[in-house]
Amino acid sequence: MDPAAVQRRVNRLPTGLQAHIHRVVEIARELALCHGVDEEQAALAALAHDVARAMTDSELLRRASGMGLPIGVIDRRVPILLHGPVGAEILQQEVGLADMSVYNAVYWHTTANPALDELGKVVFIADKLDPAKIGSYPYLPQIRQMASQDLDRAILHFLTRQEIDRLNRGELVHPMMVETRNALLTASAEAGNSGAAVN
């Protein structure tokens, strides 16, 4: 996949979204260095992660349906959750993305997935660590500190806080977020941590 082709798509996005993307690229580069992930691959996946973020709800639903992507109950209620899957498919079909690690990083950057590799984890948490999101996630400084040392712990903590907040507000929780948290919590317990890191 040609990074220049991705950059051209990013250049057509709203300026605020472009600024977010470039902040995420820098965070992804930093985390990649911390965790032995290819820095250029991480930067490319981060650059690509929000290519479909500016689409309307109706366009996301239409594109997802046309691409044969699974559309769950929560996706129909909150179509913006489809921008990762739709973006990954656009990159594959229209920009020549063949790297499945980058594809999965873009696809799952909103909800995470238990099968994410280290690159996918870097992109997921880098997206959440944009300083502009501190209003939505006041616990970001704590997550940022964790992320430089242990991606799984940072993601587990983030998902736990998110699920608690959403449940307290009576909001929907995407099943893949729940599944990812459960997988990470299970792995943490098996490693002898007993989930204490998220209390």
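In the predicted model, helix α4 is followed by Gly68, a residue with a positive phi, near 75 degrees. Helix α4 itself spans residues 57-66, and its buried residues are Leu60, Arg63 and Ala64. These three lie on the same side of α4, because the arc they cover around the axis is only 100 degrees. An α-helix has 3.6 residues a turn, so residues three or four places apart point the same way. The other side of α4 carries Ser58, Arg62, Ser65 and Gly66, which are exposed. Helix α6 (83-94) is included in what covers the buried residues of α4.

His83 is located in helix α6. With a relative accessible area of 6%, His83 falls under the 20% limit and is therefore buried. Its side chain makes a polar contact of 3.0 Å with the side chain of Asp50. When residues up to four places away in sequence are not counted, His83 touches His49, Asp50, Ala52, Arg53, Leu60, His109 and Thr110. Leu60, one of these residues, is also one of the buried residues of α4.

The largest nonpolar core has 65 residues, of which Val86 and Ile125 touch the most other members. Helix α2 (residues 15-35) gives the most to this core, contributing 8 residues. For Ile125, neighbours within four places in sequence left aside, the contacts are Leu31, Ile143, Ala147, Leu151, Ala154, Ile155 and Phe158.

Aromatic pairs number 6 in the structure. One of them joins Tyr103 and Tyr107 in a tilted arrangement, with 5.8 Å centre to centre and 35 degrees between the planes. Both residues belong to helix α7 (residues 100-107); because they are 4 residues apart there, about one helical turn separates Tyr103 from Tyr107. Tyr103 is buried at a relative accessible area of 8%, and Tyr107 is buried at 11%.

Tyr137 and Phe158 form an edge-to-face pair, with a centre-to-centre distance of 5.0 Å and 85 degrees between the planes. This pair links distant parts of the chain, 21 residues apart: Tyr137 is in the loop between α8 (118-128) and α9 (140-147), whereas Phe158 is in helix α10 (residues 151-168). The relative accessible area of Tyr137 is 12%, so this residue is buried. Phe158 also counts as buried, at 1% relative accessibility. Together with Phe124 and Tyr139, the residues Tyr137 and Phe158 form one aromatic cluster.

Apart from neighbours within four places in sequence, Gln162 is in contact with Tyr137, Tyr139 and Met177. Tyr137 and Tyr139 are both members of the aromatic cluster. Gln162 and Ser136 lie 26 residues apart in sequence, with a C-alpha to C-alpha distance of 9.8 Å in space.

Definitions and conventions: Residues are numbered from 1 along each chain as its sequence is written. This is a predicted model: local features need pLDDT of at least 70, side-chain atom pairs count only at pLDDT 80 or more; totals for chains, interfaces and linings use all residues. Side-chain values use heavy atoms; hydrogens and water are left out. Buried means under 20% relative accessible area, exposed over 50%, partly exposed in between (1.4 Å probe, protein chains only). Helices (H or I, at least four residues) and strands (E, at least two) are DSSP runs, numbered from the N terminus. The arc is that of the directions from the helix axis to the C-beta atoms. Contact means heavy atoms within 4.5 Å. A nonpolar core is a set of buried Ala, Val, Leu, Ile, Met, Phe, Trp, Tyr and Cys residues joined through side-chain atoms within 4.5 Å. Rings of Phe, Tyr and Trp (its six-membered ring) pair if their centres lie within 6.5 Å; planes under 30 degrees apart count as stacked, over 60 as edge-to-face and the rest as tilted. A polar contact is a pair of N or O atoms within 3.5 Å; within protein, one must be able to donate a hydrogen and the other to accept it, and residues adjacent in sequence count only if both atoms are side-chain atoms.
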